[in-house]
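Please view the sequence and the coordinates alongside the text.

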Amino acid sequence: MSPAFEAAKNDVQIGYILKGYPRTSETFITNEIRLLEKMGVGLSIFSVKKLEGQKNHAMVKDIKAPVTYLPQADPLSEARFSRWVVDNVPKFSNSHALLFKKKPLAYLRAFFECLVMSVQYRNGFFDLPREVFFKEFLQAGYIANAVIESGHIQHLHAHFCHGSTTIAMFASKMSGIPFSFTAHAKDIYLKELNPGNLLQKKMRRAEFLVTCTGANEEHLQRLAPKGTKIHKIYHGLDTDLFASSVQDSPIASDVNVPVVLSVGRLVEKKGFDYLIKACAILKERGHSFHCQIVGGGDGYTETLVNLIKELGLEDTVRLLGAVTQEELREIYQQATLFALPCLVVDNGDRDGIPNVLVEAMSMCVPVISTDISGIPELIDNNDNGLLVPEKNALAMADAIERLLTDPGLRQQLGDAARARVCKDFDSQITTLDLKDLFVSRLANGSEVAHECCPSH
């Protein structure tokens with residue numbers, strides 16, 4: 001093994017670029033950062049937004065990486081662009097002035113590209129330039145200057161391939177520091193998030209990209225420019241934390257009224273409306289149970305609340321709001337089964353492999369979901385869970401009824417689910433794969449630098 005590789009392995013310095021940190025709904029990113037640190041990777045976090053008023057998971061306290069919150073730019077929609085420029089450019093001007101002094105040609109090239117992109121990727125020929133690129137350019141300049149001043153960040157990595165990766169691409173161009181990114185779900189499939197050939201441009205420039213399902217990998221391979229390095233790495237889970245402490249946990253709640261549990265942000269792609277309709281069908285069939293839907297509210301909340309009222313399910317279905325990982329673990333312990341009827345939205349938005357499915361399976365809770373996207377990569381129908389067609393409340397009701405009335409099947413599926421997660425979704429393994437990518441990239445970069453600048 002080369003000295004450069006050893007040096008990189010012992011002194012990996014990665015700048016993580018995130019839209020917000022820490023997000024309650026993005027435990028997979030928080031856990032990834034925690035484990036990379038545990039494996040000896042040096043990290044610095046750059047967060048575009050400073051999130052207020054949310055619960056934080058306990059693992060956040062274990063993370064030692066310094067967090068830099070960017071100046072908080074106002075939403076573009078709240079004022080005319082000329083007014084927005086006057087109000088927001090001063091927040092970033094000092095960093096940009098320093099950056100221009102250090103890297104004038106790189107800075108001007110990036111600014112020119114920002115201008116071109118704002119015209120090239122506007123919605124229509126007669127539309128105004130796409131203003132978001134100016135905002136992302138300002139944010140990228142702040143990060144690029146910080147990276148250069150730090151003197152130890154050797155690589156940038158962004159999560160989600162739209163805004164964060166655009167910022168990473170600009171910051172890379174201005175600083176000369178290479179970048180990579182992880183692509184997840186709607187950021188891959190919604191064209192408006194990466195208009196025109198913008199996603200291909202990012203893929204071509206990135207050192208590599210990571211995605212979390214085989215379905216995503218196949219989709220990206222069809223789009224990828226020649227030579228793009230795409231790596232499938234599943235979101236890992238702390239299988240020690242998500243381990244049931246209750247004997248025969250899949251049937252533990254049978255002593256009381258059975259609990260049908262579902263977890264996720266209250267958005268259309270989770271399919272909660274089909275779960276609620278399935279509950280109405282089961283209630284008509286005479287089943288007694290409670291359905292708990294746990295997750296932070298979004299624009300779809302009112303739709304779900306109205307549907308519950310319309311179907312007369314106020315005494316059966318409850319929306320519990322967002323909780324921490326520790327609170328959620330206790331909720332899993334009380335669940336008879338877990339149901340998540342994910343779907344592909346008309347605009348193409350979808351989940352990859354929902355992390356809550358992996359969590360439930362790790363807790364030995366029998367699961368039901370739909371046969372879309374990457375979910376069949378996790379669930380083998382009738383082996384470690386049940387799969388039903390998307391947007392089909394009757395099929396979901398039949399699957400729930402099957403588990404409610406068959407304790408033996410619940411036990412069988414729950415045990416197999418835990419084994420599946422431990423085999424392929426243990427974060428100690430998946431995060432090690434990501435670490436190896438970073439170390440390999442830095443080692444290659446070190447060797448190139450050594451060859452270009454040999455010692456005398």
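The points below are grouped by topic, after a note on the source.

The model is predicted: local features need pLDDT of at least 70, side-chain atom pairs count only at pLDDT 80 or more, and totals for chains, interfaces and linings use all residues. Residues are numbered from 1 along each chain as its sequence is written, and side-chain values use heavy atoms, with hydrogens and water left out. Helices (H or I, at least four residues) are DSSP runs numbered from the N terminus.

**Aromatic pairs**

- The whole structure holds 14 aromatic pairs, where rings of Phe, Tyr and Trp (its six-membered ring) pair if their centres lie within 6.5 Å.
- In the pair of Y107 and F137, the ring centres are 5.5 Å apart and the planes are at 65°, so this pair is edge-to-face (planes over 60 degrees apart; under 30 is stacked and the rest tilted).
- Y107 lies in helix α4 (residues 104-120) and F137 in helix α5 (residues 132-150), 30 residues apart, and the pair thus links distant parts of the chain.
- Y107 has a relative accessible area of 13% and is buried (under 20% relative accessible area, with exposed over 50% and partly exposed in between; 1.4 Å probe, protein chains only).
- F137 is also buried, at 3% relative accessibility.
- One aromatic cluster is formed by F100, Y107, F111, F137 and F170.

**Helices α6 and α8**

- Helix α6 (residues 163-175) and helix α8 (residues 198-205) have axes that come within 11 Å and cross at roughly 50°; axes are lines fitted to C-alpha atoms, for helices over the stretch in contact, and angles run from 0 to 180 degrees between N-to-C directions.
- T165, T166, M169 and K173 of α6 are in contact with L198, K201, K202 and R205 of α8 (heavy atoms within 4.5 Å).
- By class, this contact of α6 with α8 has two nonpolar, two polar and four charged residues.

**Helices α15 and α16**

- Helix α15 (residues 393-404) packs on helix α16 (residues 407-424) at an angle of about 100°, with the axes 6 Å apart.
- α15 and α16 are therefore roughly perpendicular to each other.
- R402, L403 and L404 of α15 and L409, R410 and L413 of α16 make the contact.

**Helix α13**

- Eight of the eight residues of helix α13 (residues 355-362) are buried, so α13 is largely enclosed by the rest of the structure.
- C364, which follows α13, has a positive phi near 65°.

Note on methods
Helix = DSSP H or I, 4+ residues; strand = E, 2+ residues; numbered from the N terminus. Nonpolar A, V, L, I, M, F, W, Y, C, P; charged D, E, K, R; others polar. Parallel < 35°, antiparallel > 145°, perpendicular 65-115°, else oblique.
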